[in-house]
Structures are given as C-alpha cells and as structure tokens.
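Colleague: I would like to learn how to read aromatic pairs and a helix. Please take me through them.

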Amino acid sequence: MSGRAQLMWDEAVTGYDFGRNHPMDPVRLELTRRLVGAFGLDREVEVVAAKPAGESTLRLVHREDYIDAVKAASADPAGADGSYGLGTADDPAFAGMHEVSALIAGQSVGAAEAVWRGDADHAVNFAGGLHHAMPGGASGFCIYNDASLAIARLLELGAERVAYVDVDVHHGDGVQAAFWEDPRVLTISLHEHPRTLFPQTGWPQETGAGAGEGAAVNVALPAGTGDAGWVRAFHAVVPELLAQFRPQVLVTQHGADTHFEDPLAHLAVSLDAQRAVQVACHDLAHEYAGGKWVALGGGGYAVVDVVPRSWTHLVGIAAGKPVAPEAVIPEAWRQAVYARTRQSGPWRMTDGLWPVPWASWEEGYDPADRVDQAVLATRRAVFPLRGLLP
C-alpha cells in the first residue's frame, strides 16, 4: 500500500445545482475545497479528478429507463418525467444534470477503485454520499447513488465483504435498498427517527431479506440526541458488527446535517462529535478492513459554518494530518467566504466541545434513556441474526 490518501475533486462537481433557493447549495463544496487548501491539506493528499461514471457503471445500480429519463431531463429540464422523481421540489431538473451527477458518481467509483487496487489507503469524495437515489428514481436531492455505485464496483472487482456506515441525519435508504438481499454488503445507518424525518424509513426492524437477512442495520435516534448519545450509539453498534463481518473495504458516509445548526433536521450534534466519529471510522477501517477506507460526504445545509469545517476535518484525518479542533481558521478563507456569500465564516475548527464525553455501552444500559432504548432495539433486531448477543 502506498499509505497516501486521495482527494477526489473536479471543480465541475459544483455544477450540481438545483437552483437559487434549494437547500443543497453547491457553495458548500467550493468552500470546503478552499478550506482544505487553506490548511495545506491538498499538499498531503493526491488530488485526483476521476472520469464520470459511464452508462455501464451506472447500470450496476440504476435501471436503464431511469438513466434515460435523467438524460432526457438533463437535455430538456422543462420536460422532466415526474414519475421518476425528476422535476420535483426536492429534485428539480436542470440542464446538464446527467453529466454532473455522473461526474460525482465517477469520483466515488474512482475512490473505490483506487483503494481496492492499493493506489491509496484512503480516498475521500466529499461531493458524494448521495444516498437517497433509488435504482429507478431520484429522491432527497440525489440523482445517482454514488455510494451504491462505489460498493457495486467493489463487488464487480471481486470484493466479497463491503461494509457501509452512514452517519447522515437521514436514513441511508437508497444504499440499503440496493443491497437489501445481498449478504456481501453490510449497511449500517445511524439517523434521526423516521417518525420525525424524511425519508420515514430506517426502523430497527428493517434488517434485510433473503440471503441478506441481518445485513441491514438501522439505529433510529430520537430528535434532540446530542453528542454523548450520538457517539455512544455509534460505538454501541458499529465496532461489534464490523468485528464480526470483517469487511475488506469500509465505505462511510459523513453527512454533516446531524449538526445542531442544520436547518433541515432535529439532532443536536456538534462539529466536535462529528470529528470524533470520523476518527473512529478511520480507526475501524484499520482495525477491521486492512486500512481500506472510502469516505464520502452527504447532506449538510449549514453551508458556511458547518459543512466546510466538518469535511475538512474528514480530509485531514484521511490524510494522516488531522486538523486540531482548536486550530484557528486562516483569515484568507474567512475573507473568501465573505466575498462569496456575504456571511461571516467561523473562527476555529471546533464548537468548543472537544473532547466529546460519552459512556460506552459496556458501562450499563439505562432503561429510561431514549437513546439507550434505540440502541437496544437495534441490537435486539439484528445482532442475533449475526450470531451476536444483543
């Protein structure tokens, strides 16, 4: 292994733009890339622009008729076929939509290929993580499911066990659906409870089907869950499952919308807890997956204050040059933020809550604690299916 990390980046990914008033503002990608550069992290990684995913790659997950519908909407946005989830309020059609969506997918597929081949230990595509797209339709701001495509490509290359861990505030429903009956892919999603948040799926009883029974894992956390509960839930479920599954590659999705400032959800997680889980994912990749780690972005709609800091931490961790939480953000970046958005950027790479205090599951279960109730529901639903004690 080279020991070097890759950052997948092509400036053209910022063309993934649903329009002026849409929450998924591509400025979040631009500002993240600038902050990575401001900290000099682009000198610590190999910056790679992979080619767009071709049609044969897209068909590893998506139906041909859906790909054709995306192409048609890309050429004529006004004629988008709503039966495929295109041209909706969540997923407005725009010119060039197919091309930029395929480009983002190509970065994730390229990351997976690089890690599998050994060209890099770790690879990051923070423009990716578009986990809601279904085989036959767009959903939740997602056109092509780059996470599923990266996993499908790993399977095509010969991987026999791939683990996917999703810590976005929303359920990773599209990835779960793509591998619902596939025992080669273990999908784990920690998310806000479906009673209170889109896409209203991700109940603990969703555990897969057929040969894939027990290969889907869902931790549905109550609205208002904060740092201690979120990190506790992660460690109460993920490490034990990875130890049992022994993946050859770990793919993780790091939506920043768990943050207490995010306008679209209801968890109360800090940047510092997000960083703690990013570190944990890196360590788990080394402990259980031979160091092979593909890390993706995802949601996140506090596009100035939260997303660039969270994903810059992710790049630093993958590069082996983690940014200290107390680090002062370079003034040049803050000036660029103001020039671009007329908003004031944050001053430091922390919310002031580092280190994050949390109690391990082994320290005891509190039957009155709603987070502990959620964790136990997940463990009872899926752990016995994998030969583990709940």
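Colleague: Are F126 and W311 buried or exposed?

Modeller: Both F126 and W311 are buried. Buried means under 20% relative accessible area, exposed over 50%, partly exposed in between (1.4 Å probe, protein chains only). Note that this is a predicted model: local features need pLDDT of at least 70, side-chain atom pairs count only at pLDDT 80 or more, and totals for chains, interfaces and linings use all residues. Residues are numbered from 1 along each chain as its sequence is written, and side-chain values use heavy atoms, leaving out hydrogens and water.

Colleague: What describes a pair of aromatic rings?

Modeller: The distance of the centres and the angle of the planes. Rings of Phe, Tyr and Trp (its six-membered ring) pair if their centres lie within 6.5 Å; planes under 30 degrees apart count as stacked, over 60 as edge-to-face, the rest as tilted. The count here is nine aromatic pairs. W9 and F126 form a tilted one, 5.5 Å centre to centre with 35° between the planes. F126 and W311 are stacked, at 6.1 Å and 25°. F126 sits in the loop between β3 and α5 and W311 in helix α9 (residues 307-319), so this pair ties together parts 185 residues apart in sequence. Helices (H or I, at least four residues) and strands (E, at least two) are DSSP runs, numbered from the N terminus.

Colleague: Which residues form one aromatic cluster?

Modeller: W9, F126 and W311.

Colleague: Which residue caps the N-terminal end of α11?

Modeller: D369 does. One of its side-chain oxygens lies 3.0 Å from the backbone nitrogen of V371. The buried residues of α11 include V371, A374 and L376.

Methods: Polar contact = N/O pair within 3.5 Å; in protein donor to acceptor, adjacent residues only side chain to side chain.
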